[in-house]
Amino acid sequence: MAQWELLQSLDNPYLDQLHQLYSQSILPMDVRQSLAAWIEDQDWKEAAMGNDSSKAKMLFFHFLDQLNSECGRCSQDPQCLLLLQHNLRKFHKEAQALPQGATVLAELIFNLLLEEQRILQQAQRAQVEQGTPDLETPMENEQVEIESRILDLIAMMENLVKSFTQLKDLQDVFSFRFEIFSQKKTSLDPHQSIEKQLLQNTANELDKRRKEVLDACKALVGRLTTLVDLLLPKLDEWKVRQQKACLGAPQDHGLEQLEKWFTAGAKHLFHLRQLLKQLKELSYMVRYKGDPFKDGIHLQKAQVTELLQRLLHRAFVVETQPYMPHTQHRPLILKTGSKFTVRTRLLVRLQEGNESLMAEVSIDKNPPQSQGFRKFNILTSNQKTLTPEKGQKQGLIWDFGFLTLVEQRPTGQGKGNNKGPMTVTEELHIISFTVKYTYQGLKMELQTDTLPVVIISNMNQLSIAWASILWYNLLSPNQNQQFFSSPSLAPWSLLGPALSWQFSSYIGRGLDSEQLNMLKDKLFGQDSRMEDPLLSWADFSKRESPPGKIPFWTWLDKILELVHDHLKDLWNDGRIMGFVSRRQERRLLKKTISGTFLLRFSESSEGGITCSWVEHQDGKMPIRSVQPFTKEVLQSLPLTEIIRHYQLLTEENIPENPLRFLYPRIPRDEAFGRYYREKINLEEQRKYLKHRLIVVSNRQTNELPQPQELDLDPVLEAQELKSQLMPERSLDLELEPLLQTGLDLGSALEPKLESGLEHTICMISQGMLKPDLKPELQPEPDLPCDLQHLNTEGMEIFRNSINIAEIMPHGDPLLVGQNIVDEAYSSCISHFDTDEPLMTSEY
């Protein structure tokens with residue numbers, strides 16, 4: 001919205017300041033209002049404070065022309081007030097009489113505009129302090145301003161066409177009168193002097209009209225220049241939003257509005273170009289000394305052509321950046337031999353009725369001169385033709401849907417010939433498009449480029465390639481293919497929102513401030529307390545970070561994949577707290593009742609989620625965590641079913657589910673009930689008992705006691721934070737093969753193993769004992785876990801009435817040749833042991 005329009009919408013106290021300002025000024029408020037748009041388009045600062053007085057003089061004469069035109073418009077408009085006409089004419093005369101009028105007027109208007117801005121800022125500060133929302137957002141203001149300027153251009157163009165028609169008619173009259181006058185050779189005709197005077201008056205009127213038409217063309221060129229200056233920044237803003245949208249930011253509304261504005265501006269420019277061409281033809285028909293058309297038309301046409309070239313070159317854009325169909329959530333990553341899609345659009349929707357437009361695609365037209373930089377060819381057709389019929393229907397859009405890249409291999413060199421300083425996933429390539437555009441005699445070659453892409457040869461490189469795309473588009477506004485030869489540092493103010501976009505775009509819900517703070521602490525450690533710490537590319541994607549010795553991006557991307565494939569609904573509904581440090585976990589759980597649990601991502605494994613809960617035991621509050629569940633486990637058993645049927649065996653082998661309340665105090669079944677599988681009807685008669693998988697952990701009798709949670713002072717808390725950066729203590733991975741082979745390692749490992757609680761996945765049936773059944777049903781301690789809780793109440797009638805010897809007189813054939821002496825039960829065949837035990841909160 002224009003500055004003058006904003007001033008008029010202010011409250012009365014600020015309007016009073018505005019009236020007082022102009023009551024003390026020689027510039028009437030009527031003049032300011034009538035020429036508001038034109039005044040705000042000019043550079044009064046340069047005219048008032050610059051060293052070149054010619055700019056002030058030029059603005060002064062243009063101001064008088066604008067004022068004169070406005071006076072003429074008011075005289076023809078019956079709705080225009082007589083007082084307004086009087087004020088405009090009066091100031092027109094007063095301005096001409098000013099001593100050093102050009103400089104005085106420039107300084108006057110410049111100071112008035114500054115005072116207006118001061119009043120606006122004062123009003124806006126008052127609105128902020130009072131909490132009053134703005135009537136319109138800045139984007140809406142800009143849209144209204146562009147729309148109003150386009151409407152003004154339409155009106156000005158109509159007036160120019162009308163003036164051109166009147167000029168053409170007047171020139172025909174002059175030509176006719178001149179032809180009649182030139183045919184009379186005698187000077188005795190008494191009417192000859194009258195005809196000569198009439199001819200002279202016609203010539204004077206013709207000269208005046210030519211000047212008016214030329215001034216109208218100048219004013220129209222000025223308005224079109226202002227419109228182009230408004231549109232190009234809007235296009236730059238769209239490109240920035242598109243670049244962020246590629247990284248997962250909220251999607252933009254599209255290019256339809258920009259296409260409408262660009263097309264409207266180009267239409268007026270082409271129309272004005274045609275009018276100037278016709279004016280040039282008129283000037284050839286009638287020539288005279290001092291003709292304003294002689295040099296003025298050529299200058300105006302050059303300015304119009306320059307504006308058209310500027311507008312058209314920027315109007316050719318990549319609407320949809322390259323992406324592979326099966327990885328749409330990660331554009332700008334292409335794989336050799338795989339098809340990818342890209343779309344270009346010309347925002348100026350003007351095409352000759354019989355002219356087809358052909359777009360041609362190429363890659364790395366100006367590659368960097370660096371060692372080992374790979375070169376590629378486009379296998380499929382690199383051209384796309386747009387017919388006028390298709391262009392009128394859908395717009396000037398070129399869809400390339402089946403492009404494929406293949407690497408150029410120098411003779412004698414095999415696969416993987418990248419010996420440059422950058423890895424394959426740090427090598428950036430640019431795809432270019434060119435169009436030979438022709439319209440109304442103007443011929444141009446337009447070119448646009450995609451954002452830099454990363455080309456991989458194996459899908460295993462997709463994750464680290466996406467890290468490169470993320471880093472580059474956050475930090476490099478220019479097409480710099482050598483960016484990763486010396487990558488910039490990323491401030492957290494840019495990196496934090498981008499990490500949240502990864503979740504919001506791919507899963508549905510982004511990261512809240514607490515989750516982002518946890519990631520910030522993990523990345524920066526003690527430096528996270530800085531206002532806007534900086535992170536290097538190596539620390540983000542390459543350098544191993546504690547506690548799991550996994551690069552940060554690898555760890556985060558595995559979590560992203562796990563949530564998308566197995567935990568999407570739980571994440572979007574806020575059931576997973578996710579990114580919680582161990583320190584924060586203890587702080588939250590120790591204030592809750594026994595059995596309160598939360599779900600968080602493991603910091604020491606690639607793509608794992610763990611469940612941590614608090615227990616109250618003899619005044620102590622140990623925090624326990626089951627070892628993380630990875631995608632391999634969740635593919636067989638959903639996390640909701642694990643939580644629902646999780647069993648922890650006590651010393652007496654009595655199973656119980658320790659997970660009772662989801663933090664802060666939501667009953668387990670209330671929090672996860674909607675995700676449970678079909679509930680079992682115990683009254684339904686079935687021929688067979690249904691079975692299911694559950695997770696069972698054993699609480700060992702020699703379990704080490706947990707230390708009591710203490711409130712730490714700030715010094716101890718700092719030491720605790722430092723200790724969190726060290727690797728977590730867990731069962732050494734190299735011991736697993738020895739354990740699987742059954743090697744007895746002796747008592748040397750007992751301290752390390754006794755702090756954990758093994759968990760197994762067991763197959764149980766519906767009739768088996770559940771924690772909520774009657775306590776009279778005690779488990780059989782000598783049976784495996786999948787048989788201990790079998791309900792044998794209905795079998796009691798057989799206990800004393802059947803002799804096994806009568807059924808199998810020769811003994812059990814399966815035990816022939818075996819020692820049937822009673823032994824301690826050592827294994828459970830029906831169990832599917834997982835690789836990892838249930839540990840205390842060490843993950």
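What follows is a short chat about a predicted protein model.

Visitor: What kind of model is this, and how are residues numbered?
Guide: The model is predicted, so local features need pLDDT of at least 70 and side-chain atom pairs count only at pLDDT 80 or more, while totals for chains, interfaces and linings use all residues. Residues are numbered from 1 along each chain as its sequence is written, and side-chain values use heavy atoms, with hydrogens and water left out.

Visitor: How many helices and strands are there?
Guide: The protein has 28 helices and 26 strands. Both are DSSP runs numbered from the N terminus: helices are H or I with at least four residues, strands are E with at least two.

Visitor: And how much of the protein is buried?
Guide: Buried residues account for 44% of the 843 residues. Buried means under 20% relative accessible area, exposed means over 50%, and partly exposed is in between, with a 1.4 Å probe and protein chains only.

Visitor: What share of the contacts joins residues at least 24 apart?
Guide: That share is 74%, among contacts between residues at least 6 apart in sequence. A contact here means heavy atoms within 4.5 Å.

Visitor: Which residues touch the most other members of the largest nonpolar core?
Guide: F540 and F579 do, in a core of 153 residues. Helix α10 (residues 192-246) gives the largest share of this core, 15 residues. A nonpolar core is a set of buried Ala, Val, Leu, Ile, Met, Phe, Trp, Tyr and Cys residues joined through side-chain atoms within 4.5 Å. In soluble globular proteins, nonpolar side chains tend to be buried together.

Visitor: What does F540 touch?
Guide: Not counting residues up to four places away in sequence, F540 touches A467, L470, W471, L495, L499, L535, F552 and W553. A second, separate core has 40 residues, including L7 and A56.

Visitor: What lines the largest cavity?
Guide: The lining includes L599, W613, F629 and Y646. β17 (609-614) and α22 (639-645) each supply at least two lining residues, and β17 gives the largest share, four residues.

Visitor: How does that lining divide into nonpolar, polar and charged?
Guide: The lining has 11 nonpolar residues, one polar and no charged. Ala, Val, Leu, Ile, Met, Phe, Trp, Tyr, Cys and Pro count as nonpolar, Asp, Glu, Lys and Arg as charged, and the others, Gly among them, as polar.

Visitor: Where is S612, and is it buried or exposed?
Guide: S612 is in strand β17 and counts as buried because its relative accessibility is 0%. The side chain of S612 makes a polar contact with the side chain of S625, at 2.5 Å. A polar contact is a pair of N or O atoms within 3.5 Å; within protein, one must be able to donate a hydrogen and the other to accept it, and residues adjacent in sequence count only if both atoms are side-chain atoms.

Visitor: What about E319, buried or exposed?
Guide: E319 is in strand β1 (residues 316-323), and its relative accessibility of 16% makes it count as buried. Its side chain makes a polar contact with the side chain of R345, at 3.0 Å.

Visitor: Which bond is cis?
Guide: The peptide bond joining Y663 and P664 is cis, with omega about 10 degrees. P664 is in the loop between β21 (661-662) and β22 (666-667).

Visitor: What is phi at L332 and at Q440?
Guide: Phi of L332 is near 70 degrees, a positive value in a residue other than glycine. L332 is buried, at 0% relative accessible area. Q440 is not a glycine either, and has a positive phi of about 50 degrees. Q440 is partly exposed, at 30%.

Conventions:
On a 1 Å grid over the protein atoms alone, a cavity is a set of points where a 1.4 Å probe fits but cannot get out, and a pocket is an open set with protein on both sides within 12 Å along at least five of seven lines; lining residues have an atom within 4 Å of a point.
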